[in-house]
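Subject: Handover of a structure for your review

Dear colleague,

Please find the structure below, together with its sequence. My notes on what was found in it follow directly after.

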Amino acid sequence: MKPITVSVVGLGQMGSALVAPLLRGGNAVTVWNRNKEKAAPLVALGAQLADSIENAVKASELIVVCLSSYDISDTLFREPKVQPLLSGKTFIQLTTGTGDEAARSAAWAKDAEFSYLDGAIMDYPAAVGTAGCLLLASGPEASYKHYADHLRLLGGKFTYVGKNPAAANHLDGGLLTLYYATTFGFLQSAAMLEAADVSVETLKNAVDSFRHVLDKTMARATDSLSRKDYTGHEASIVVHSYGVQTLRDRARLAGVDYSLLQLFSEYLEKTRDMGFHAAELPATFEIFRRTR
Ligand SMILES: NC(=O)c1ccc[n+]([C@@H]2O[C@H](COP(=O)([O-])OP(=O)(O)OC[C@H]3O[C@@H](n4cnc5c(N)ncnc54)[C@H](OP(=O)(O)O)[C@@H]3O)[C@@H](O)[C@H]2O)c1
């Protein structure tokens, strides 16, 4: 891999984590942050501190951005004295945002004549630079390919999602929805078990043996949604509905918050009322999907 010049703008918890793997890959890394003190440990590792955002842009061919929001990024980079310096460079936005923000940024990059990739980091800062860390990027394929080896320093599972600049943010939203639903499910379970004097470690150990059921359920839902066929012979919506009502009642009787389980119960009742009594669980997709 040929070493490159790369600037990292934004040295919060995540932005700071991006610097060491890029340095380990032999690249010349320049950093910039509003609060300069956060750069000190990265300068100690070998990064150069730019004294202005203009100098951070001038220093490198690849600009990696990780800030709190796209609005902050726009405020910094759309400045009349900064934007022209981006011409001919590649900019990868790793700030979390929406598909619309990614599309808007790609249109801006086209006008300002630089290459724009939009990305997302699907792990915690401590995982950045490891083989298992997943990052996503979308935008011009040639730009991704040009820097793929360098970007893979940030995570062995760095994945190109497609030409549509919004694609990475859409997939990020999908994975985060799953992340929150699973985490809240786990915490609801922990609260119910705590009320029954069962430890969270017991729950975690059981989840390790149960995980294959979750994987199987997602695989079946994928198959069912792609075939547009909710029929099956495993467990009907009526059976799931009774099961979730029982769960909700168990939580209520234990004095635990049961609003999440009440919501699940309502989803199943609505699915049943849409005529899917005998269908399998993926029929609930009909409640979530876009209707307009
Ligand atoms: N942390 C994670 O686990 C994680 C995981 C995946 C994705 N992400 C994403 O990574 C991005 C950064 O997250 P983070 O955890 O690094 O957040 P953070 O620690 O709060 O850092 C925020 C960064 O934005 C900068 N910033 C905020 N307001 C600014 C302003 N008005 N002008 C200039 N700079 C400003 C901060 O500069 P100062 O230091 O000067 O305040 C800092 O560099 C977010 O989009 C987040 O969703 C984070």
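In the classification used here, Ala, Val, Leu, Ile, Met, Phe, Trp, Tyr, Cys and Pro count as nonpolar, Asp, Glu, Lys and Arg as charged, and the others, Gly among them, as polar. On that basis, the shell around the ligand divides into eight nonpolar, nine polar and two charged residues.

Two remarks on conventions are needed. This is a predicted model, in which local features need pLDDT of at least 70 and side-chain atom pairs count only at pLDDT 80 or more, whereas totals for chains, interfaces and linings use all residues. Residues are numbered from 1 along each chain as its sequence is written.

Ligand surroundings

There are 19 residues around the ligand, and G12, M14, R34, N35 and T96 come nearest; a residue is near a molecule if its C-beta atom, placed from the backbone, lies within 6 Å of it. Helix 1 (residues 13-24) supplies the largest share of this shell, namely three residues.

Overall architecture

The secondary structure of the chain comes to eleven helices and eight strands. Helices (H or I, at least four residues) and strands (E, at least two) are DSSP runs, numbered from the N terminus. Along the principal axes, the C-alpha atoms of the chain fill a box of roughly 65 × 45 × 35 Å. Of the 292 residues in the chain, 33% are buried. A residue is buried if 20 or more other C-beta atoms lie within 10 Å of its own, exposed if 12 or fewer, and partly exposed in between, with C-beta atoms placed from the backbone. Among contacts in the chain with a separation of 6 or more, 63% join residues 24 or more positions apart; two residues are in contact if their C-beta atoms, placed from the backbone, lie within 7 Å.

Domains

The domain assignment of the chain gives domain 1 (5-170) and domain 2 (199-288), with bounds that come from an automatic or database domain assignment. The C-alpha centres of domain 1 and domain 2 are 39 Å apart.

The UniProt record, an unreviewed entry, places "domain: 6-phosphogluconate dehydrogenase NADP-binding" at residues 6-162. That span is 37% helix and 22% strand, and its end C-alpha atoms lie 23 Å apart. Residues 165-290 are 74% helix and 0% strand, with end C-alpha atoms 22 Å apart. UniProt positions are given in the numbering used here, feature names are shortened, and annotations may be inferred rather than shown by experiment.

Helix 7

Helix 7 (residues 167-195) has 29 residues and should span 42 Å at 1.5 Å a residue, which agrees with the 42 Å between its end C-alpha atoms. The expected span of a helix is 1.5 Å times one less than its number of residues. The buried residues of helix 7 are A168, N169, D172 and M192. These buried residues pack against helix 5 (99-112), strand 6 (115-121), strand 7 (135-138), strand 8 (159-162) and helix 9 (237-253).

E101, which is in helix 5, counts as buried because it has 21 C-beta neighbours inside 10 Å. E101 and N169 are 68 residues apart in sequence and 8.9 Å apart in space, C-alpha to C-alpha. Q188 lies in helix 7 and, with 19 C-beta neighbours inside 10 Å, counts as partly exposed. Q188 and S259 are 71 residues apart in sequence, with 9.7 Å between their C-alpha atoms.

Loop positions

T95 is found in the loop between strand 5 (90-93) and helix 5, and it counts as buried because it has 26 C-beta neighbours inside 10 Å. Leaving aside neighbours within four places in sequence, T95 is in contact with V65, C66, L67, S69, Y70 and S73. The C-alpha atoms of T95 and C66 are separated by 4.7 Å, although the two are 29 residues apart along the chain.

D197 follows helix 7 and is found in the loop between helix 7 and helix 8 (200-227). Its phi is near 60°, a positive value in a residue other than glycine. D197 counts as exposed, with 6 C-beta neighbours inside 10 Å. K228, in the loop between helix 8 and helix 9, has a positive phi of about 55° although it is not a glycine. K228 counts as exposed, with 7 C-beta neighbours inside 10 Å.

Yours sincerely
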